[in-house]
Amino acid sequence: MKLSTKGRYGLRAVVDLALHQEEEAVSLSSIAERQHISMSYLEQLIARLKKAGIVGSVRGAQGGYMLAKPAGEISVGEILRALEGSLNPVDCAALTGDGETCMSFDGCVTKYVWQRITDSINSTVDSISLEQLVELGRQGERPSGRESFGAPKCGC
């Protein structure tokens, strides 16, 4: 499975937001600058995250964005699914429960593999909280040679 830039950049943006929202709402321009993400793309990502109830906004002169709930209550899986949709590694009727659309559904043994991979992916991303990533960021767990946690060095 390969996540798109929506998932990779969106996760970086949410981590950045969580790291910098301590006293006031965070502007999109500051996130875009720190994370090297275009403003127009970041606006699209934040709109999805806002719709999913992960991010909230504050209007006015001191306005900006903040988490809609505590970082400990937000999983990486929740963020990725809000941005990417399903995290299934393949389009398989067994994973969607729509056996009627697959001619080989009843005799297909590979659906077992796809289900196990899907379960592993979901279990992993759901077990990591945003709070854990924020703690890593505060401890200086940054890619070497970059000023900001999550800045693009490896394509993530």
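**Nonpolar core and salt bridges**

In the predicted model, the largest nonpolar core comprises 31 residues, of which Ile 31, Leu 42, Leu 49, Leu 67, Ile 79 and Leu 130 touch the most other members. At least two residues of this core come from each of the helices α1 (5-20), α2 (28-35), α3 (39-51), α4 (76-84), α6 (110-126) and α7 (130-138). The most is given by α1, with 7 residues. Nonpolar side chains in soluble globular proteins tend to be buried together. When neighbours within four places in sequence are set aside, the contacts of Leu 130 are Val 14, Val 15, Ala 18, Leu 67, Ala 71, Ile 74 and Ile 79.

The structure contains 5 salt bridges. In one of them, the side chains of Arg 138 and Glu 22 meet at 2.8 Å (N to O). Because Arg 138 belongs to helix α7 and Glu 22 to the loop between α1 and α2, this pair ties together parts 116 residues apart in sequence. Arg 138 is partly exposed, at 44% relative accessible area, whereas Glu 22 is exposed, at 58%.

Arg 138 also forms a salt bridge with Glu 135, with 3.5 Å between the closest N and O atoms. These two residues are 3 apart in helix α7, so about one helical turn separates them. Glu 135 is partly exposed, with a relative accessible area of 36%. Through shared partners, salt bridges join Glu 22, Glu 135 and Arg 138 into one network.

A further salt bridge is formed by the side chains of Asp 126 and Arg 81 (2.4 Å, N to O). Asp 126 in helix α6 and Arg 81 in helix α4 are 45 residues apart, and the pair links distant parts of the chain. Asp 126 is partly exposed, at 37% relative accessibility, and Arg 81 is partly exposed, at 31%.

Conventions:
Residues numbered from 1 in each chain as written. Predicted model: local features only at pLDDT ≥ 70, side-chain atom pairs only at ≥ 80, totals over all residues. Heavy atoms only, no water. Core = buried A, V, L, I, M, F, W, Y, C linked by side-chain atoms within 4.5 Å. Buried < 20%, exposed > 50% of the residue type's maximum accessible area, 1.4 Å probe, protein only. Helix = DSSP H or I, 4+ residues; strand = E, 2+ residues; numbered from the N terminus. Contact = heavy atoms within 4.5 Å. Salt bridge = Lys/Arg side-chain N within 4 Å of Asp/Glu carboxyl O.
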